[in-house]
Amino acid sequence: MARNGATAAPLLPLAAVVMPEDTMRRRNMFPFVCATLASMTTILVGYNLALMSGAQLFIQEDLGLSGVQVEVLTGSMNLFMLVSILAAGWVADMVGRRGTLLLANAFLMAGAIAMSAGGSYAALMAARSITSIGVGFARVVAPVYNAEISPASTRGVLSSLLDMFVNVGILLSYLSNYIFAGLPVHLGWRVMFAAGALPPAFLAAGVLAMPESPRWLVMRGRHGEAHTVLVRTSDTPAEADLRLEEMISLAATQADCGGVWKEMLVRPTKSVRRVLVCVLGLHFFQQAAGNEAIVLYSPLVFEKAGMAWTGAVLGATVTVGVVKTCFILVATLLSDRVGRRPLLLASTAGVAAALAAVSLTLCVDAVSPAACVASVLAFVAAFSVGFGPVVPTYTSEIMPLQLRAQGTSLGLAVNRVTCALVTMTFISLADAITMPGCFFLYAGVAAVACAFVYVQLPETSGRSLEDMDVLFAK
């Protein structure tokens with residue numbers, strides 16, 4: 001029987017899509033493949049954001065930039081990407097999640113080429129603005145796609161892949177800094193950026209092999225195509241039928257609520273208002289706790305702790321990247337088993353303690369540089385086990401269907417503005433209140449974030465996306 005309102009071919013009866021058990025198990029790997037391909041786009045996101053941590057040392061020497069110019073160049077991408085972040089939700093609703101990911105890869109490739117060819121401060125700023133478009137599109141749409149393609153039973157694991165690949169990119173950027181540091185100053189940093197130009201071409205080919213999000217297909221009235229995708233990505237064919245019915249019903253209900261921005265900001269329901277508080281609060285605290293200060297300025301932190309040799313500083317930074325990536329794997333394994341809320345509580349408390357330890361190691365002269373490195377490693381471990389990977393998972397899954405893409409854009413805009421304030425003021429703030437003072441401040445923010453999670457966030461593990469409205473209406 002044809003689905004209500006369907007514009008595609010009539011659906012086959014349930015019996016016609018029931019598959020042998022072995023085939024069904026094989027096809028259940030399909031959502032993992034799709035989420036992996038979508039998440040791999042963010043490798044270039046992490047690579048481009050963190051590459052400046054080491055490249056800035058060589059760019060400043062090669063082009064004779066001032067400290068303020070380096071600070072602005074390092075953090076400017078967070079401001080540049082605001083336009084693309086806010087536009088990404090609209091673009092994703094118009095051309096689809098998959099089409100937006102293709103655009104992201106195109107801009108990431110163009111930005112890497114432009115950055116490697118830059119010969120002046122103005123040229124580098126222009127190149128960063130190009131890259132920021134691809135970064136903004138990928139950061140918004142990849143978590144939305146992963147949440148929408150995943151069955152409830154594995155949504156936590158598949159959504160956590162996003163942050164894992166961001167951190168793979170960060171690790172690769174640190175390795176690039178370390179490997180190419182021995183090249184001539186005028187060449188080394190250019191090779192670092194040029195290395196990021198080729199992967200987007202291969203990633204775009206992988207994105208073309210992915211299906212479109214079934215929820216986006218339902219929004220466009222393409223119910224037959226949505227059902228085909230759901231049969232391949234659900235745990236059972238019966239679950240695929242149930243998910244489709246829920247999506248159609250919810251889409252019809254939300255279609256009568258008015259415009260997206262009006263529903264979010266002008267006349268939000270009680271549940272939407274609570275969801276927005278959770279989304280915006282989590283994105284703010286994630287960056288206000290100083291994560292990007294560690295990611296982008298760890299070489300300066302280690303130098304402040306007493307490391308004098310550039311090779312040792314960059315080597316310690318690589319270690320930070322390795323630990324960060326490994327602990328995201330822990331979060332990936334635990335997200336569906338332990339739950340989002342316990343991971344966030346443990347992570348924010350650990351981040352607060354680790355940041356306080358970093359501050360103490362910097363203000364006590366008798367402490368060795370190894371203690372500072374250990375404290376930074378404790379910070380990235382605590383951040384990566386929850387605060388990093390769980391925030392995009394949680395915020396993308398709690399937004400209602402019609403609001404998900406643009407709601408995710410709004411949350412990420414707050415995230416990037418906060419990140420820009422941290423990264424573009426860190427050096428100046430450290431001059432004003434000292435570097436240990438900066439990390440004490442960030443530790444206080446992390447403690448407040450822990451209280452926010454405890455008071456505001458319900459557990460979402462194991463619930464369908466269509467059930468979130470009921471959960472947040474309580």
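# Notebook: a look through the helices

I started at Ser 84, which, leaving aside neighbours within four places in sequence, is in contact with Ser 132, Ile 133, Gly 136 and Phe 137. Contact here means heavy atoms within 4.5 Å. Ser 84 lies in helix H5. Helices (H or I, at least four residues) and strands (E, at least two) are DSSP runs, numbered from the N terminus. Is Ser 84 buried or exposed? Ser 84 counts as buried because its relative accessibility is 4%. For the record, buried is under 20% relative accessible area, exposed over 50% and partly exposed in between, with a 1.4 Å probe and protein chains only.

Before going on, I noted that this is a predicted model, where local features need pLDDT of at least 70, side-chain atom pairs count only at pLDDT 80 or more, and totals for chains, interfaces and linings use all residues. Residues are numbered from 1 along each chain as its sequence is written, and side-chain values use heavy atoms, with hydrogens and water left out.

**Whole chain**

I looked up the secondary structure and got 24 helices and zero strands. Of the 474 residues, 58% count as buried. Among contacts in the chain with a separation of 6 or more, 84% come from residues 24 or more positions apart. The accessible surface is about 17000 Å², and 69% of that belongs to carbon and sulfur atoms. Accessible areas come from the Shrake-Rupley method with a 1.4 Å probe, and for residues only the protein chains shown count as cover.

I went to Thr 131 next, in helix H7 (residues 121-149). Thr 131 is buried, at 2% relative accessibility. What does Thr 131 touch, not counting residues up to four places away in sequence? I found Asn 48, Met 77, Phe 107, Leu 108, Gly 111 and Ala 112.

Ser 375 sits in helix H19 (residues 369-387). I have Ser 375 down as buried, since its relative accessible area is 9%. With residues up to four places away in sequence left out, Ser 375 touches Ala 354, Ala 357, Val 358 and Thr 361.

**Covered helices**

How many of the nine residues of helix H20 (residues 390-398) are buried? Nine of the nine are, so H20 is largely enclosed by the rest of the structure. I note that the buried residues of H20 include Thr 393, Thr 395, Ser 396 and Glu 397, as well as Val 390 and Ile 398.

Helix H12 (residues 223-233) is mostly covered, with eight of its eleven residues buried. Among them are His 223, His 227 and Thr 233.

**Surface patch**

I looked for nonpolar residues on the outside and found a patch of Trp 90, Met 94, Val 95 and Leu 103, with about 390 Å² of accessible area together. Patches are made of residues with over 30% relative accessible area and no salt bridge; like charges are joined within 9 Å, and nonpolar side chains (Val, Leu, Ile, Met, Phe, Trp, Tyr) within 5 Å. A salt bridge is a side-chain nitrogen of Lys or Arg within 4 Å of a carboxyl oxygen of Asp or Glu. Which helix gives the most to the patch? Helix H5 (residues 67-95) does, with three residues. Leu 103 lies in helix H6 (residues 97-117). Leu 103 is partly exposed, at a relative accessible area of 36%.

**Rings**

Phe 284 is partly exposed, at 37% relative accessibility, whereas Phe 285 is buried, at 13%.

Tyr 297 and Phe 426 make a stacked pair, 5.1 Å centre to centre with 20° between the planes. This pair links distant parts of the chain: Tyr 297 is in helix H16 (residues 291-304) and Phe 426 in helix H22 (residues 426-433), 129 residues apart. Tyr 297 is buried at 1% relative accessibility, and Phe 426 is buried at 1%. I also saw that ring pairs link Tyr 297, Phe 426, Phe 439 and Tyr 442 into a cluster.

Last, I checked for a charge over a ring (NZ of Lys or CZ of Arg within 6 Å of the ring centre and within 35 degrees of the ring normal). Arg 232 lies over the face of Phe 30, 3.8 Å from the ring centre.

Note on methods
Phe/Tyr/Trp six-rings, centres within 6.5 Å; stacked < 30°, edge-to-face > 60°.
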